[in-house]
Amino acid sequence: MKESYWGAAVVISGILAIFFIFFFQSITNTDEHNYHLLKEVTEAAMYDALDLAAYRQDGVIRIDREQFVKNFYLRFAESASLSKTYKIEIFDVNETPPKVSLTVSSSEQTNLTGEVLEFNISNSIDAILETPDVEG
């Protein structure tokens, strides 16, 4: 009879271990997805918001603030997971020199023991648009 209790304990602990591995893998994948999405979307939106007229006229590299925000939201919405709720905070957009600071937050939930556990995942980025020196 003792051996059957040990067998049941091993099976139950195996099931719990698989659940924990699945849950923490989900959190890790969400964090990694958000980071890469934030990085790529920010870079692409900065390139899209370049003010070419100012560059041609004065040689100044600058971005248009409204164009950056619009492009960022559109590109982020295209690639974001539809099953998650995101909170995007844009703290700073400098037009000259091109620099942005923003944060994207999302959350993961589970009800492991009957109570809801919630993990907030937040990714921040400070990006400066670098361009090659063409005068050299």
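**Close-up views of a predicted model**

**View 1. The loop that holds Pro97.** In this predicted model, Pro97 is placed in the loop that runs between β1 (87-94) and β2 (99-110). The peptide bond leading from Thr96 to Pro97 is cis, and its omega angle is near -15 degrees.

**View 2. Helix α1 from end to end.** Helix α1 comprises the 47 residues 2-48. Buried residues of α1 include Phe23, Ile27, Thr30, Asn34, Leu37 and Leu38. Val41, Thr42, Ala44, Ala45 and Met46 of α1 are buried as well.

View 3. Ile12, Leu16, Phe20, Phe24, Leu117 and Phe119 make a nonpolar surface patch of about 520 Å². Two or more residues of the patch are given by each of α1 and β3 (117-128). The largest share, 4 residues, comes from α1. Leu117 is a residue of strand β3; its relative accessibility is 32%, so Leu117 counts as partly exposed.

View 4. Helix α3 has 15 residues (65-79), and the distance from its first C-alpha to its last is 22 Å, close to the 21 Å expected at 1.5 Å a residue. Phe68, Asn71, Phe72 and Phe76 are the buried residues of α3. They lie on the same side of α3, because the arc they cover around the axis is only 125 degrees. The exposed residues Glu66, Ala77 and Glu78 sit on the face of α3 turned away from the buried side.

**View 5. The stacked pair Phe72 and Phe76.** The structure contains 5 aromatic pairs. One of these is formed by Phe72 and Phe76, a stacked pair with 5.8 Å from centre to centre and 20 degrees between the planes. The two residues both belong to helix α3, where they are 4 residues apart, about one turn of the helix. An α-helix has 3.6 residues a turn, so residues three or four places apart point the same way. Buried means under 20% relative accessible area. Phe72 is therefore buried, at a relative accessible area of 0%, and Phe76, at 3% relative accessibility, likewise counts as buried.

**View 6. The aromatic cluster around the pair.** Phe72 and Phe76 belong to one aromatic cluster, together with Phe68, Tyr73 and Tyr86. Phe68, like Phe72 and Phe76, is among the buried residues of α3.

Note on methods: Residues are numbered from 1 along each chain as its sequence is written. This is a predicted model: local features need pLDDT of at least 70, side-chain atom pairs count only at pLDDT 80 or more; totals for chains, interfaces and linings use all residues. Side-chain values use heavy atoms; hydrogens and water are left out. The expected span of a helix is 1.5 Å times one less than its number of residues. Buried means under 20% relative accessible area, exposed over 50%, partly exposed in between (1.4 Å probe, protein chains only). The arc is that of the directions from the helix axis to the C-beta atoms. Patches are made of residues with over 30% relative accessible area and no salt bridge: like charges are joined within 9 Å, nonpolar side chains (Val, Leu, Ile, Met, Phe, Trp, Tyr) within 5 Å. Accessible areas come from the Shrake-Rupley method with a 1.4 Å probe; for residues, only the protein chains shown count as cover. A salt bridge is a side-chain nitrogen of Lys or Arg within 4 Å of a carboxyl oxygen of Asp or Glu. Rings of Phe, Tyr and Trp (its six-membered ring) pair if their centres lie within 6.5 Å; planes under 30 degrees apart count as stacked, over 60 as edge-to-face and the rest as tilted.
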